[in-house]
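User: I would like to learn how to read a protein model. Could you take me through some features one at a time?

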Amino acid sequence: MAALGRQVSGWYQLIPLTWARIARRTPRLGGQERTPASWMRKLTTASLGEGLEGLPCAESKKRVQGPECRPHLPQCRLEKQSAPVHGGSLEREEVFSFLLDMGFSAVHANELLTLQPGTRPQQLLAIVSELILLGVNPEPVYVALKKSPQLLKLPVMQMKQRSSYLRKLGLGEGKLRRVLHCCPEILTMRPRDIAGTVRVLREKCLFTVQQVTEILHRCPYVLREDPSELEYKFQYAYFRMGVKHADVVKTDFLQYSITKTRQRHTFLERLGRYQTPDKKGQTQVPNPLLRDILRVSEAEFLARTACSSAEEFEVFKKLLAREEEDESENHVPADGSASEDEGEGEGEGEGQL
């Protein structure tokens, strides 16, 4: 039994306790309170090569030997004691135990370690620790990294700067979780590209700061769009459909493609089921709700909103595409080609004279 106690104590000297366990045992540590974020910063510091000395280990042999501590042993037990850490490097087994202590399952921890070939274990631990510090739970972190494994190539300082910029935009911990789940590549985008989208929403579309934050939270995909196309999409909603700013935000209007929006809106308009409101916001026919136009499937849109058949809608979409093509062909370019044609005609007339 004494030998078993020494072996268990040796395991716990190798595997530091994480902030989750320390938070549960705070009253036993001399009354000193430690926040989860502080312990996670130590994890990040260790992953950046400053050593593991500052990380908490087992309290004592007696406490480790107690039956209440045995269920918390990690599933991945080291068969032999690892060599001392040199130059700040962390071995794969140690990083694996860190991931388990953070709350990742053994399957997810193994997948993360093999997700991006060539990524050093300490780089993986640093990136994961930074995402945890942002308030993102282990499961969303795993999903985000699996969707965008290129995040593991980012320098940690660069990720910190970009996450700090997102906080300035109002994307706090809770909102950032949804953004990373839907659009994890936001952390790989250049700040000036994000700033360009924000500038269009504020200066061109005249959304308030709070509305811009809500749009980025609800529709993070707008960050991928070209700013000019995003502006046109808003103008179509505001001038052609009579949708106000608050309704654009509330209905997630900007996440839908302009093709889908134009097709369904124009189809209802020509059926006499939609009318652009006048200056007073009044219409002669009751317009359907935006959610009944855009948020439903095409079958439900035709059955409940348009009260039309799929064949009619398919014919209409082809006619609308032909109309748009004709309009683009008849559009006079602004590069002076028309004046050149006129000059050629004048030259021919002079030659005939």
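This is a predicted model: local features need pLDDT of at least 70, side-chain atom pairs count only at pLDDT 80 or more; totals for chains, interfaces and linings use all residues.

User: How many helices and strands does the protein have?

Analyst: Begin with a count of the elements. This protein has 19 helices and zero strands. Next comes burial: 41% of its 353 residues count as buried. Then look at how far apart in sequence the contacting residues lie. Among contacts with a separation of 6 or more, 69% join residues 24 or more positions apart.

User: How do I read one helix, for example α13?

Analyst: Compare its span with the expected one. Helix α13 covers residues 227-240, which is 14 residues. From first C-alpha to last it reaches 19 Å, close to the 20 Å expected at 1.5 Å a residue.

User: Which residues of α13 are buried?

Analyst: A residue is called buried when its relative accessible area is under 20%. In α13 the buried residues are Leu-230, Lys-233, Phe-234, Tyr-236 and Ala-237. They lie on the same side of α13, because they cover an arc of only 150° around the axis.

User: What do the buried residues of α13 pack against?

Analyst: Their partners are three helices: α11 (191-204), α14 (245-250) and α15 (258-270). After α13 comes Gly-242, with a positive phi near 75°.

User: Which residues other than glycine have a positive phi?

Analyst: Leu-206 is not a glycine, yet its phi is positive, about 65°. Leu-206 sits in the loop between α11 and α12 (209-218). Another case is Asp-252, with phi near 55°, in the loop between α14 and α15.

User: Are these two residues buried or exposed?

Analyst: Leu-206 counts as exposed because its relative accessibility is 59%. Asp-252 counts as buried, since its relative accessibility is 11%.

User: How do α15 and α18 cross?

Analyst: For a pair of helices, read the distance between the axes and the angle. The axes of α15 and α18 (residues 310-330) come within 10 Å and cross at roughly 105°. Angles of 65 to 115 degrees count as roughly perpendicular, so α15 and α18 are roughly perpendicular to each other.

User: Which residues make the contact between α15 and α18?

Analyst: List each side separately. From α15 there are Arg-262, Gln-263, Arg-264, Thr-266, Phe-267 and Arg-270. From α18 there are Glu-312, Phe-313, Phe-316, Lys-317, Leu-320, Glu-323 and Glu-324. Sorted by type, the residues of this contact are four nonpolar, two polar and seven charged.

User: Where is Gln-116, and what is it in contact with?

Analyst: Gln-116 is in the loop between α6 (106-113) and α7 (121-133). Its relative accessible area is 14%, so Gln-116 is buried. Apart from neighbours within four places in sequence, Gln-116 is in contact with Pro-149, Gln-150, Leu-152 and Lys-153.

Terms used: Residues are numbered from 1 along each chain as its sequence is written. Side-chain values use heavy atoms; hydrogens and water are left out. Helices (H or I, at least four residues) and strands (E, at least two) are DSSP runs, numbered from the N terminus. The expected span of a helix is 1.5 Å times one less than its number of residues. Buried means under 20% relative accessible area, exposed over 50%, partly exposed in between (1.4 Å probe, protein chains only). The arc is that of the directions from the helix axis to the C-beta atoms. Contact means heavy atoms within 4.5 Å. Axes are lines fitted to C-alpha atoms, for helices over the stretch in contact, and angles run from 0 to 180 degrees between N-to-C directions. Angles under 35 degrees count as roughly parallel, over 145 as roughly antiparallel, 65 to 115 as roughly perpendicular and the rest as oblique. Ala, Val, Leu, Ile, Met, Phe, Trp, Tyr, Cys and Pro count as nonpolar, Asp, Glu, Lys and Arg as charged, and the others, Gly among them, as polar.
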